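This report describes selected features of the structure shown below. It takes up a single residue, then an interface, then the surroundings of a ligand.

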Amino acid sequence: MANLETFKSEATAWLEENCPASMRKHGGGADAEFTRKKRSGDSLLWLDRCAEKGWIAPSWPTEYGGGGLSTEEHVALVGIMKKMNIPAPLGGMSLTMIGPTLLELGTEEQKKEHLPGITSGNVHWCQGYSEPNAGSDLANLQTKAEDKGDHFIINGSKIWTSGAMHADWMFCLVRTDPNVQKQKGISFVLFPMTDPGVSLSPIKLISGQSPFCQVFFDNVRAEKSNLIGKVNEGWTVGKRLLQHERSSIGGGGSSRFGISMTLNDAAKKYRGDENGKIDDPLLKLELTRQDIDTQAFALTTKRITDETMSGVTPGFATSMLKYYGSELTKDSAEMMVSIMGPQGLGRDDDRDNFSDDERGSTRAWLFTKALTIAGGCSEVQLDIISKRILELPTG
Amino acid sequence: MPLILNDDQKLLKDSAKDFFSKSMPVKQLRQIRDDEVTECYSTDSWKEIVDLGWSGITVEEEFGGLEFGYLGLGVILEEGGRTLAASPLFSTCVLGAAALSIAGNQEQKSELLPLLVQGDLILSLAIEEGAAHAPQRTRTTASKSGDSFTINGTKTFVLDASSADKMIVVTRTSGEAGSNAGLTLFLVDSNSKGVSITSHKMADSRNACTVVFDNVSVPAANVLGQVDNAADDLQDILSIGQICISADMLGSTREAFERTVEYIKMREQFDTILGTKQALQHRAAQLYTEIELAKSVVIAGLQAIDEGQRGDALAKTASLTKSKVGETFTLASSEAVQMHGGIGMTDEEEIGFFLKRARTTEHTLGDVRYHQNRYGDLLGL
Ligand SMILES: Cc1cc2nc3c(=O)[nH]c(=O)nc-3n(C[C@H](O)[C@H](O)[C@H](O)COP(=O)(O)OP(=O)(O)OC[C@H]3O[C@@H](n4cnc5c(N)ncnc54)[C@H](O)[C@@H]3O)c2cc1C
Ligand SMILES: Cc1cc2nc3c(=O)[nH]c(=O)nc-3n(C[C@H](O)[C@H](O)[C@H](O)COP(=O)(O)OP(=O)(O)OC[C@H]3O[C@@H](n4cnc5c(N)ncnc54)[C@H](O)[C@@H]3O)c2cc1C
């Protein structure tokens, strides 16, 4: 405990000295998804300093460029940064999905090859799972990989690939055996997006943004050394990665997508009386219930983290947290635009008539609809809870 | 503090589970109901609880208690909730002990707490006066005459009053109904002249009484805390009560849910097991998730008491806890009966006992509406 206290004061001092002031305010973490080449100014400086300190991935082993912190220290660091209003230097799939999976299931060579790219903020990854005919039923994927001795040749297409246009590498589920039960013929491979056989077609979302693509593969080459796990055993690797993904999607619960106002503040501003009190009893009740559920969910996330740290395996708790957290965030975003009324329903390009917060809320409202679809939709999470936790029978 | 039990608390939980399932199963409650036992609990089982030391679990060692804290009491209440165990644990050892510890002077504590720990003092909190929990609307009066006070008024749904040796009575010594100022707590012997107690037969087979105070004279020494200024103490006593009854409700909720899942795993209709139907599976999974949230607010609430949180902060915690657990218990018990189908409607099947218990505890110290309203007020909305 004494050590933890020392760590806390040293961490605070380091952050105080190294995190640029411009990062410590609303919007400071806006670039978190991007690697070095898309950043400049203080955002780049912050990334560089953290990379050097090992705090892009504070809990990963130092030999791969991580910070080597214990779980307690990592939790403490996150708490301190939150208190100091300091954004994480990097977010996204590299750090939350492929990194933890490689740490757990990669060979020593694979860790050495790929993890330093993540901990230095140099390499950005994307996820090639979904296909037009393999969504919730992911195991139905058809993208084909042929065994060519020391490498595979891949043909087919992935869809809804977030960040594919910025990515350097893809982690990808491919079919290596079409003649067995569908889960048993899948492999998990890595390849660079610079391969000449990779082409992209951007897809525009209901928010007007285009953060993802359909990706086409025409004789794309993946080295055997970049096969994670064994041939035809990729489903296990892929599912483990999904648990990491679900933790990161459900985890926020109350994350605000860069909007500076809380729901309660917005309600007072847009719907309050002269004294800033809310005189609409139904709105007050809705806000109260949302606050209660948000608190109860935050306590649940904490309880499950505490249980994990005490040695209880979380198992399928990720599905429960993903389900509830994503629904909660979606509801919050829906309430926000509802409170703003027509002011919450402007078009993103009308900066003259809609404030940053208003346009941000509109974007969040549209974007958060994806939270209960991506990473396994809510219905799939409920299926997992009923089958794996409650052990209800399948028909 | 991590939101987990320590090893001692886990051990206690295991012994409590063992004790309640063996000595006080739901069957016992049914028997008490059918035999029309006056106290609505088994005095033998109560003696066993006392012998285990659980009556004094939160009480300071100097008064003969175990000083084991509310997380400890919470696991006992939760396991008791699983079997709907009927005992004066809540009325006496939660509300009574908290009232004495928070509002009592040294003399009152050293006289009464040891008796309570030994099981020789049953206490009831006489607070409600109508259908809704609203302590600030107290109309029962206590007027000073010389060295004593005279109490007049009617209290409703007083838990375990039929067996109580003493009652802690919430009265108004000044101010208007609706105001928090002017409230005073009194310790009143149940056999005082002018006290009349009428037992009600409650749906959950537990005891609640109407108590009429007709010119009941009480010596000034029986004031618990300060005259006119009981509101803050009372708020803390009630917050503790609200969190503790939530622990009890959580146990019942989990039990009702687990029994229901087991039932749909074996019931066959349409040439299949009903539990294969996604319509039931998803409702069960959603309930499971709600119960996970309920577990979190209960352990956080108990921990807050142990960590010394008091006042409005504890009231907010208590409202978070009781509203979340109340909603979940209501839903879980209704779904339990629904998913049991026709059999769930029968008295022979125990699931109905959980439905009834859900509704009476829902109204103990404030229902979901009360707690959501108060939580909203405390948020400053
Ligand atoms: C913003 C966004 C980003 C994404 N990023 C990526 C990415 O980077 N990489 C990647 O591989 N994929 C990505 N996806 C894809 C995502 O994983 C899929 O959309 C998701 O798995 C659902 O598949 P689907 O869209 O084909 O829906 P479908 O499988 O067709 O399902 C449609 C709807 O049917 C219902 N449903 C589905 N299954 C069940 C069931 N078992 N029981 C009852 N009802 C059911 C649900 O309501 C569901 O929303 C992203 C998606 C979105 C929206
Ligand atoms: C008060 C009362 C009076 C009655 N009177 C009569 C009478 O006079 N004559 C008579 O013949 N019968 C009578 N019944 C019986 C009644 O019709 C049956 O209880 C009813 O058909 C349900 O059957 P079950 O009880 O076997 O429940 P089950 O079929 O075992 O179903 C249990 C539960 O499973 C769920 N469930 C069932 N099917 C599905 C499904 N397909 N998908 C998803 N979930 C499902 C539901 O939640 C259901 O409640 C009476 C029942 C009651 C409670």
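A:Thr119 lies in helix 5 of chain A, which comprises residues 108–119. The model is predicted. With a relative accessible area of 3%, A:Thr119 counts as buried, because the cut-off for a buried residue is under 20%.

The side chain of A:Thr119 reaches the backbone oxygen of A:Tyr64 at a distance of 2.8 Å. When neighbours within four places in sequence are set aside, the residues in contact with A:Thr119 are A:Ala51, A:Ile56, A:Ala57, A:Trp60, A:Tyr64, A:Gly65 and A:Gly66.

## Extent of the interface

Chain A contributes 39 residues to the contact with chain B, and chain B contributes 38 residues. Between them the two chains bury about 3400 Å², of which 66% is on carbon and sulfur atoms. Of the area that chain A buries against chain B, 18% is supplied by A:Ile292, A:Arg303 and A:Leu390, more than by any other three residues.

## Polar links and composition

Across the interface of chain A and chain B there are 4 salt bridges. The side chains of A:Asp293 and B:Lys324 meet in a salt bridge, with a distance of 2.6 Å from N to O. Polar contacts across the interface of chain A and chain B involve 17 residue pairs, counted where both residues have pLDDT 80 or more.

On the side of chain A that touches chain B, at least two residues each come from helix 7 (263–271), helix 8 (281–309), helix 9 (317–340) and helix 11 (378–389) of chain A. Helix 8 of chain A provides the largest share of this side, 18 residues. By residue class, the side of chain A that touches chain B holds 17 nonpolar, 8 polar and 14 charged residues.

## Surroundings of ligand 2

The residues around ligand 2 belong to chain B: B:Arg267, B:Gln269, B:Phe270, B:Leu274, B:Lys277, B:Leu280, B:Gln338, B:Met339, B:Gly341, B:Gly342 and B:Met345.

An N or O atom in the side chain of B:Arg267 is 2.5 Å from an oxygen atom of ligand 2. For the side chain of B:Gln269, the corresponding distance from an N or O atom to an oxygen atom of ligand 2 is 3.4 Å. B:Gly342 takes part through its backbone, with a polar atom 2.6 Å from an oxygen atom of ligand 2.

Terms used:
Residues numbered from 1 in each chain as written. Chains lettered and ligands numbered in written order. Predicted model: local features only at pLDDT ≥ 70, side-chain atom pairs only at ≥ 80, totals over all residues. Heavy atoms only, no water. Contact = heavy atoms within 4.5 Å. Buried area = accessible area lost by both parts, 1.4 Å probe. Polar contact = N/O pair within 3.5 Å; in protein donor to acceptor, adjacent residues only side chain to side chain. Helix = DSSP H or I, 4+ residues; strand = E, 2+ residues; numbered from the N terminus. Nonpolar A, V, L, I, M, F, W, Y, C, P; charged D, E, K, R; others polar. Buried < 20%, exposed > 50% of the residue type's maximum accessible area, 1.4 Å probe, protein only. Near = heavy atom within 4 Å.
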